[in-house]
Each structure stands twice: as structure tokens, then as C-alpha cells.
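This report goes through selected local features of one protein chain.

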Amino acid sequence: MTEYVFGIDTSAYTTSIALVDANNNKIVADKRKVLLVPFGQKGLRQQDAVFQHLKNFHELYGEIETDFKKIKTVAVSSRPRNIDGSYMPVFTVGQNYGKIIAKTLDCSYIEYSHQENHIAASLFNGYKSINDKILAIHMSGGTTEFLSVKKAHKGYSSEILGGTKDITFGQLIDRIGTMMEFPFPCGIHMEEYLENKKTDVIIKTPAIRKEPFINLSGMENYYGNLYTQKNYSKQDIIISLFNYVAQCILTIIEQIKHEFDFENIIIAGGVASNSTIRNLILENLNHEYNIILPERENSSDNAVGTAFLPIIDRWYNEIKTY
């Protein structure tokens with residue numbers, strides 16, 4: 001009998017819903033809509049994001065054509081992280097719609113965190129071989145965290161081992177991007193701008209502190225000054241910025257490996273979709289660790305991971321009974 005899991009993720013900047021066939025792990029539907037940020041702004045207030053989610057969800061839900069009786073589970077991202085007290089108003093939109101849909105269809109309802117969603121989206125094609133010794137790096141507009149991750153009875157438990165103390169990698173890129181008048185969120189537009197562009201210019205950057213937790217706000221001022229002083233081209237600065245973020249990631253991993261024994265590295269979140277950053281990490285670490293990068297479309301916010309989590313849970317809990 002066909003059994004679908006319906007996933008919902010209403011994050012800070014994307015409304016996402018997805019259907020996954022639990023019998024063959026096939027994605028049946030994947031609908032997303034990025035929230036609109038007025039030009040020049042560096043983000044959205046939560047109340048504005050909630051309003052857009054309410055509008056977007058109705059539109060995306062109407063685009064799904066399936067027999068809804070096949071939906072046996074509704075899975076929702078209900079909070080940013082899997083810890084007590086983790087909360088953002090945007091996720092209540094997905095919660096409320098999810099509870100209504102589950103009640104209407106008389107099916108099960110389960111909640112996960114947005115961070116677990118990103119981990120599951122990364123493991124979509126390899127979850128049966130990856131259960132422990134995982135370092136998960138979650139990099140997005142609001143998060144830069146390096147996590148020790150373990151499979152739990154439901155979802156994943158995690159412990160923060162490193163990251164940034166102030167702004168995130170995503171915020172650093174977006175703030176320089178808005179200064180350059182790219183649309184928000186800026187990373188994808190900055191990367192598109194670099195297409196077919198190269199540079200031989202090497203911009204000297206401040207040394208990265210060899211610690212698991214670093215500060216980035218000084219680099220916002222550093223790259224901002226480079227741009228306003230017009231000593232370097234836009235493409236020189238963007239390439240340097242992307243390279244700097246990659247070097248920060250490599251430096252933090254180097255510090256963490258002395259304290260934590262890991263074999264697998266999951267790199268997830270919107271920043272992980274950046275090809276420059278992905279390639280530099282693979283070039284430097286692929287020989288030493290099993291690097292797990294989701295497909296680029298599943299690096300950004302999505303509901304595929306949320307829909308996939310109950311399937312991973314079921315498999316994991318079945319093998320634990322052997």
C-alpha cells in the first residue's frame with residue numbers, strides 16, 4: 001500500500017512543502033517559494049515573514065495533485081534547533097497547518113527541528129551507512145554551527161563544537177552583497193555574477209584565529225572598506241570573500257578534530273550550496289573524511305528533509321531491534 005509522508009518547513013526565508021513515498025524514498029512533490037525581501041533590506045521581520053508564509057502555503061498546497069488519502073504522516077519543522085527553548089515565530093505557520101492537515105486526514109503528526117531537516121536532506125541517498133561519528137556543519141543566513149551529531153530514537157541529537165560568536169557566514173555574505181546592491185538573499189546572485197569571471201588578484205586577509213569559535217563582524221568592516229575604497233573590483237572582492245569563508249570552515253574543522261573523533265562530515269544549509277566553498281572543502285578534505293554534500297537544491301531551505309525524517313526514524317528503530 002502506498003504511504004506518503006508530507007513535510008512542511010516554514011523557515012526565515014522560504015516556504016517549503018514536500019511529499020515523499022515511504023515505500024521507495026521517491027520525492028513525489030517538492031514545492032518551495034522564497035519570501036520576498038524589499039530591495040536594499042538585509043532581512044525580514046518575523047511578522048512580515050509569517051504573513052508571507054500564510055499566503056505562500058495556500059498557493060503551494062494547491063499545486064499538489066495527488067490522492068491525499070495516501071498521506072499517512074505529516075512531519076513539520078517546528079523550531080530552529082533540537083533543544084529546549086528553541087523558537088522562531090515563522091515555524092508556527094507550518095505547525096498550525098500541519099496539525100490541521102493531520103487532523104483532517106486522520107494521520108500521524110510529528111515535529112522535528114529545522115536543523116534536523118537539513119541533516120536529513122543531506123543523507124537522502126546514504127542514510128543507511130551513516131549513523132555515527134558525524135560532524136555536521138550547518139551554515140545559513142541565521143546559523144553557523146559545527147555539531148557532533150548522533151542518530152536518536154526520533155531525529156538527531158547534537159552538541160555544538162564550534163561556529164561563529166557573532167554574525168554567521170550567511171550574514172557576512174548577505175551584508176557585503178547588499179552593499180554591492182545584489183538582491184537578498186545575496187549569495188546565489190553573487191555566485192551568478194562570477195560566472196565566466198576569473199581573477200589573478202590575491203587580496204590579503206587578516207589571519208583566522210585557530211579556535212573552534214571565531215568572530216566575523218570585523219570581516220564585514222574589512223570587506224566593506226575594500227568595496228567603498230574601490231581599490232579592488234567587485235569580482236575580486238566576492239572571490240576573496242568566498243575563499244575566506246571556505247578557509248574559516250577548514251580552520252574550525254582542524255581545531256575540532258583534536259577534540260572529537262569523526263569520520264563523516266555533513267555540510268548543509270544555504271551557504272553550502274556555494275560552488276566555490278564546496279569545491280575548496282572537497283579539495284582539502286575529501287582524502288581524509290567522507291564528505292556528504294546534499295544536492296545543491298537541497299542545501300537551501302526545503303521540506304524534503306523533514307518529510308524524509310520519519311522514514312529514517314522507522315528504518316533506524318527497526319534495525320535497533322535486531
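Threonine 14 has valine 34, in S3, as its bridge partner. The model described here is predicted. Strand S2 covers residues 14-21 and strand S3 covers residues 26-34; the two pair in the antiparallel sense, and eight bridges join them.

Four residues lie between the strands of this hairpin, and asparagine 25 takes a positive phi there. Asparagine 25 is placed in the loop between S2 and S3. Its phi is near 60°, which is a positive value in a residue other than glycine. Asparagine 25 counts as partly exposed because its relative accessibility is 21%, and the buried class ends under 20%.

## Packing of helices H6 and H7

Two packed helices are described by the angle between their axes and the distance between the axes. For helix H6 (residues 217-229) and helix H7 (residues 234-256), the axes come within 10 Å and cross at roughly 165°. H6 is therefore roughly antiparallel to H7, since angles over 145 degrees fall in that class. The crossing of the two helices is right-handed.

On the H6 side, the contact is made by Met219, Tyr223, Leu226 and Tyr227. H7 contributes Lys234, Ile237, Ser240, Leu241 and Tyr244. Sorted by class, the residues in the contact of H6 with H7 are seven nonpolar, one polar and one charged.

The loop between H6 and H7 holds lysine 230. Lysine 230 is not a glycine, yet its phi is positive, at about 60°. With 66% relative accessibility, lysine 230 counts as exposed, because the exposed class begins over 50%.

## Buried positions

Where is asparagine 56 found? It belongs to helix H1, which spans residues 46-63. Asparagine 56 counts as buried because its relative accessibility is 4%. Leaving aside residues up to four places away in sequence, asparagine 56 touches Thr15, Lys33 and Leu35.

Alanine 303 sits in the loop between helix H9 (296-299) and helix H10 (304-319). Alanine 303 has a relative accessible area of 0%, so it is buried. With residues up to four places away in sequence again left out, alanine 303 touches Gly7, Ile8, Asp9, Ser16, Ile17, Ala18 and Asn117. Between the C-alpha atoms of alanine 303 and glutamine 41 the separation is 26 Å, and these two residues are 262 residues apart along the chain.

## Helix H3

Helix H3 runs over residues 114-122, and nine of its nine residues are buried, so the helix is largely enclosed by the rest of the structure. The buried residues of H3 are His114, Gln115, Glu116, Asn117, His118, Ile119, Ala120, Ala121 and Ser122. One of them, Asn117, is also touched by alanine 303.

## A cis peptide bond

Which form does the peptide bond from phenylalanine 184 to proline 185 take? This bond is cis, and its omega is near -5°. Proline 185 is found in the loop between helix H4 (169-179) and helix H5 (187-193).

How values were computed
Residues numbered from 1 in each chain as written. Predicted model: local features only at pLDDT ≥ 70, side-chain atom pairs only at ≥ 80, totals over all residues. Heavy atoms only, no water. Pairing = 2+ DSSP bridges. Axes fitted to C-alpha atoms, helices over the stretch in contact; angles between N-to-C directions. Parallel < 35°, antiparallel > 145°, perpendicular 65-115°, else oblique. Left-handed = near helix turned anticlockwise from the far one by under 90°. Contact = heavy atoms within 4.5 Å. Nonpolar A, V, L, I, M, F, W, Y, C, P; charged D, E, K, R; others polar. Buried < 20%, exposed > 50% of the residue type's maximum accessible area, 1.4 Å probe, protein only.
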